[in-house]
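I opened these entries to record what I looked up in the coordinates. The fold of one chain comes before the interface.

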Amino acid sequence: MSENKVKKVAVNTTINGEEMDILVDPYISLLETLREVVGITGTKEGCNDGNCGACTINLDGRIVDSCLVLGVEAEGKNIETVEGMATPDGLHPLQQAFLEEAALQCGICTPGFLVSAKALLDNEPDPSEERIRHWLAGNLCRCTGYDKIVKAVTKASKESK
Amino acid sequence: MHPFNYYAPESIEEASKILEKYGEKAKCLAGGTDVLVQTRGEKFDLDAIVDVKKIPELTELKWTDSHLVFGAATPCYVLYEDPKVCEKFPGIIDSAFLIGGIQIQSRASLGGNLCNASPSADGICSLIVHEAICVIAGSSGLREIPVEEMCQGPGRNALENGEFLVSIKIPLKDNKFSASYERFIPRNEMDIAVAAVASSVEMQDGKVSSCRIALAAVGPTPIYAQAASELIIGKEPTEDNIKIVSEKAKEIASPIADMRGTIEHRKDLIEVLTRRTISKALERVGV
Ligand SMILES: Cc1cc2nc3c(=O)[nH]c(=O)nc-3n(C[C@H](O)[C@H](O)[C@H](O)COP(=O)(O)OP(=O)(O)OC[C@H]3O[C@@H](n4cnc5c(N)ncnc54)[C@H](O)[C@@H]3O)c2cc1C
Ligand code: FES
Ligand code: FES
């Protein structure tokens with residue numbers, strides 16, 4: 001079999017409100033694309049197989065595991081990562097609540113939890129604890145035991161009302 | 001990982017040409033939640049990934065006079081956020097809502113679930129009990145097969161070289177019809193079924209006019225347990241009759257023992273889940 005020639009692909013995409021043209025290998029994940037090509041490293045890699053949610057980003061309004069999306073699939077899409085949450089005026093209410101409630105220890109899972117929780121609160125400002133736990137079931141944390149994370153999300157939901 | 005090229009064809013014809021050209025060296029990409037994991041695990045060396053999501057038919061959801069038709073790459077959330085699908089086919093929603101967590105459901109499709117042909121797939125049994133039809137495209141045009149003929153073995157489906165799944169058709173019923181799917185997992189969410197059952201019932205004049213039962217994780221493919229479902233057709237859905245069906249389903253199940261469960265445990269689960277899913281389906285039709 002002849003060698004399979006693989007060429008880089010030009011991708012036009014919008015990341016945290018900024019439109020950009022990037023050049024990616026067609027076989028790398030969106031997670032790798034963000035971290036290595038675009039150079040924003042807030043989005044973390046935990047498992048690289050869809051189980052841990054550390055790599056969660058928002059793709060056209062839905063949360064996805066960026067390790068299970070190809071970088072080339074970002075063409076024409078709108079991407080939001082944890083870097084897009086804080087504004088020059090300060091942290092996002094969720095980020096503030098995570099700090100106040102000590103909802104993190106090592107912090108690897110935190111960007112994923114923040115992006116997931118933001119998508120929930122953007123659509124459902126006052127979710128029940130059960131709903132929060134169900135929504136966050138795709139995000140794993142080895143350190144906190146989850147209670148503090150759920151508390152922080154609840155707190156942020158109450159405060160942004 | 002073996003480097004591959006990426007194609008995103010915008011028509012059925014274009015896609016089958018690429019698939020035919022690469023043969024075994026190409027795979028379709030729907031939500032990618034199986035195929036990207038497997039490619040990364042070096043399960044196979046691909047030269048091409050064919051993203052089917054830009055083909056309009058692959059993500060379209062529509063109602064005809066006789067069927068609900070949805071594209072093979074339609075993500076799970078589209079199904080469970082559609083009030084009409086929820087109302088008419090809660091059994092399909094049981095599955096769509098179970099697959100992975102929210103992130104996975106943003107991408108994972110029932111078409112991908114089916115083509116991946118895992119014995120423990122959560123979508124396939126539901127499709128079987130809904131009498132779903134696969135619309136398949138290839139270089140010689142479209143063909144249709146019943147969904148229960150799609151899985152041929154673990155990870156093996158009935159698609160020929162160059163063929164791919166376009167859409168899934170679910171027939172609309174005149175009579176009162178409903179279905180239910182339930183799996184057993186040791187955790188609350190995000191796990192692989194130890195055993196699972198889907199059941200559907202159609203009622204006419206107080207009797208079960210049709211019934212289908214399908215079993216997951218208890219054989220090399222999801223199993224259409226026709227010999228069990230036939231035992232209740234034409235009868236009233238009494239507890240005794242449901243028990244007879246459930247015992248037969250248990251008999252049909254032919255699981256292996258592994259770290260998830262023993263043979264006995266899995267067979268017992270099938271009996272319980274059959275009883276539960278038939279009862280749930282009956283409750284949903286208002287019996
Ligand atoms: C964290 C995690 C949790 C999961 N949980 C569950 C679960 O609870 N239950 C469950 O059943 N599964 C689960 N899965 C597996 C997977 O998400 C499902 O099987 C899903 O439905 C696959 O759909 P997809 O669209 O992502 O398929 P893809 O990965 O895109 O494709 C799957 C296979 O089908 C082929 N294919 C896709 N579309 C077509 C087409 N149109 N024509 C021909 N071939 C095609 C691909 O080439 C590939 O071989 C999980 C996966 C992960 C990573
Ligand atoms: S790194 Fe993507 S889900 Fe774990
Ligand atoms: S804080 Fe360490 S994994 Fe969550």
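Among contacts in chain A (heavy atoms within 4.5 Å) between residues at least 6 apart in sequence, what percentage join residues at least 24 apart? I find 53%.

I note that this is a predicted model, in which local features need pLDDT of at least 70 and side-chain atom pairs count only at pLDDT 80 or more, while totals for chains, interfaces and linings use all residues. Residues are numbered from 1 along each chain as written, chains are lettered from A in the order written, and side-chain values use heavy atoms, without hydrogens and water.

Fold of chain A. I read the order β-β-α-β-β-β-α-α-α-α, with helices (H or I, at least four residues) and strands (E, at least two) taken as DSSP runs numbered from the N terminus. The C-alpha atoms fill a box of roughly 60 × 30 × 25 Å along the principal axes. Of the 161 residues, 51% are buried (under 20% relative accessible area, 1.4 Å probe, protein chains only).

Interface. I count 31 residues from chain A and 30 residues from chain B in the contact. The two chains bury about 2600 Å², 58% of it on carbon and sulfur atoms (accessible area, 1.4 Å probe, lost on being put together, summed over both parts). Tyr27(A), Arg62(A) and Leu68(A) supply 25% of the area that chain A buries there, more than any other three residues.

Salt bridges. One salt bridge joins Glu73(A) and Lys53(B) at 2.8 Å, N to O.

Methods
Contact = heavy atoms within 4.5 Å. Salt bridge = Lys/Arg side-chain N within 4 Å of Asp/Glu carboxyl O. Buried < 20%, exposed > 50% of the residue type's maximum accessible area, 1.4 Å probe, protein only.
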